[in-house]
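Subject: Structure handover

Hi,

Here is the structure for you to take over. My notes follow below it.

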Amino acid sequence: MPTTPSRRKFIRQAAFATGTLAMGASAAASPVPITLERARKEYFGPNDQVNLGVIGAGGMGVEDTKTALRIPGVKVTAVCDLYDGRIEAAKDIWGKNIFTTRDYRELLARPDVDAVIIATPDHWHREISVAAMEAGKAAYCEKPMVHSIEEGPAVIAAAKKSGKTYQVGSQGLSSLGNEKARELFRAGAIGQLVYAEGYWARNSPTGAWQYPIPKDASAKTVDWERFVSNTTKRDFDPLRFFRWRNYRDYGTGVAGDLFVHLFSSSHYILDSIGPQQIISTGGLRYWKDGREVPDVLLGMFDYAEQPGHPAFNLSLRVNFVDGTSDSTYLRLVGSEGSMDVNWNDVYLRKNLSSDPMDAFSMGKASEDMVSKTKRKVMMPRDQVTWSAENGYKGAHYDHFQHFFDGVREGKSVVEDATFGYRAAAPALLCNDSYFEKKVVNWDPETMKLM
Ligand SMILES: NC(=O)c1ccc[n+]([C@@H]2O[C@H](COP(=O)([O-])OP(=O)(O)OC[C@H]3O[C@@H](n4cnc5c(N)ncnc54)[C@H](O)[C@@H]3O)[C@@H](O)[C@H]2O)c1
């Protein structure tokens, strides 16, 4: 039986959930945000020190590590990267005494590393994740968990066998905004879910992955042979090394880079294991710089009924040539309202009546207005916004808090290997659908192609 929540249940629980929520004309008239708060424990014991190794200390590796270090009791002891400039930068930030290497196996062999951050390009995620867990380390691996769907089962098996904490890095799902959306959805805030949509719009060279190439980039400062050692062998090419997202041997296109965040959040909010049918289309419209992947991509996904939600459709898009905006959103649409969800806020809208003809109502207008205009007036919609407290440390911090709670206390994490694979797979299958011009059928339960 589907457990799709009812409206009655929503009204009952909403008051409990927020303490102050009152849907009605007053909410419509003054949509003052309701504050989302997080209680935290900032304590760690003397035996809880976690020594961290960083594998891939580029843009996200540095951001991840800086965030991890905000959690009390975490220390960087080792860094692995294939470009000398990154190694030098890591020493500048975390001290000359840290161990550094170009070979991740040397880092994993060290007893002074308890946990690793894996923030290499996507084509290294599987191999390093499996090796880290086999070496007895906990691992935080950036999204997407794997580079191709064939790679998922090995990571899941290694996580099960090692018993070590393994978390994938779609940090948004640990946010206050995603948590509130999940609570509201379960409480029936939008009635029966029928449709969801999300997008990512950008309009800049950096946004479209045209990163600067360092002046000293050469086959000496970059360990190119190692970079391509698990994929097609080619001569040194700085564009491929520093703009790896544009090439299919290393990156996973806009779907693996960005759709995967939207899958992770929506699967968490809806308690979903994923879609059963995947179709995508798009094209390389603008950034014709030799890249092998589209800069505009549209994906459509059919979700069958699952214990957490009814059958619904999801539509996702990424546009790197969007002259009007530079933004992202996720919207869930149901029979009684819709929710726009991001990491810090949830914006809930509901019509006062579910009958569209009732949206124009004499009964709700003031007597004065009716007599002057003799026309019906449009009723306002109820809208309520929840916003994160001032000083909220953010989704990224919360995601690392969850990771270290797993490492220190053995708590399970939401975005484990199975969750990470179920978010990555439909994103990766978008690429198959796009390049092979086909509909892809996927069994989200068994995690196999159909
Ligand atoms: N969660 C997020 O919001 C988010 C944001 C950006 C990137 N990411 C993910 O983080 C990962 C890294 O992306 P980035 O933008 O930081 O790329 P980047 O190019 O800035 O950094 C990657 C680093 O990995 C190093 N590297 C490559 N192969 C390696 C190997 N075999 N061993 C050790 N180091 C290696 C490179 O030298 C480089 O310094 C990607 O998987 C990406 O999808 C996640």
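Start with aspartate 249. Aspartate 249 touches His123, Thr231 and Thr232, leaving out residues up to four places away in sequence. Contact here means that two C-beta atoms, placed from the backbone, lie within 7 Å.

Two points on provenance. The model is predicted: local features need pLDDT of at least 70, side-chain atom pairs count only at pLDDT 80 or more, and totals for chains, interfaces and linings use all residues. Residues are numbered from 1 along each chain as its sequence is written.

More on aspartate 249. It lies in the loop between helix H10 (238-242) and helix H11 (253-270). Helices (H or I, at least four residues) and strands (E, at least two) are DSSP runs, numbered from the N terminus. Aspartate 249 has 17 other C-beta atoms within 10 Å, so it is partly exposed. The cut-offs: buried is 20 or more other C-beta atoms within 10 Å of the residue's own, exposed is 12 or fewer, partly exposed is in between, with C-beta atoms placed from the backbone. Aspartate 249 and threonine 232 are 17 residues apart in sequence, and 7.1 Å apart in space, C-alpha to C-alpha.

The chain overall

The protein chain has 14 helices and 19 strands. Of its 450 residues, 44% are buried. Take the contacts between residues at least 6 apart in sequence: 73% of them join residues at least 24 apart.

The ligand

25 residues surround the ligand. The closest are Gly56, Gly58, Gly59, Met60 and Glu142. A residue counts as near if its C-beta atom, placed from the backbone, lies within 6 Å of the molecule. By class, the shell has 11 nonpolar, seven polar and seven charged residues. (Ala, Val, Leu, Ile, Met, Phe, Trp, Tyr, Cys and Pro count as nonpolar; Asp, Glu, Lys and Arg as charged; the others, Gly among them, as polar.) Helix H3 (59-68) and helix H9 (224-227) each supply at least two shell residues. The largest share, three residues, comes from H3. Domain 1 (7-39 + 177-394 + 417-449) and domain 2 (46-172) both give residues to the shell, so the ligand lies between them. Domain bounds come from an automatic or database assignment.

The cores

The largest nonpolar core has 97 residues. A core is a set of buried Ala, Val, Leu, Ile, Met, Phe, Trp, Tyr and Cys residues joined through C-beta atoms within 7 Å. Among those with the most contacts inside it are Ile55, Ile117, Phe259 and Met339. Helix H14 (residues 417-436) gives the most to this core, with 11 residues. Domain 1 and domain 2 both contribute residues, so this core also lies between them. A second, separate core of seven residues includes Leu82, Ala217, Val222 and Phe241.

Strands around glycine 198

Glycine 198 sits in strand S8 (residues 193-201). It counts as buried because it has 23 C-beta neighbours inside 10 Å. Beyond four places in sequence, glycine 198 touches Leu262, Leu316, Tyr329 and Leu330. Glycine 198 stands opposite leucine 316 in S11. S8 and S11 pair in the parallel sense over seven bridges. (Pairing requires at least two DSSP bridges between the strands.) S10 (residues 296-303) runs antiparallel to S11, joined by eight bridges. There, phenylalanine 301 stands opposite leucine 314 in S11. Six of the eight residues of S11 (residues 312-319) are buried, so this strand is largely enclosed by the rest of the structure.

Over to you.
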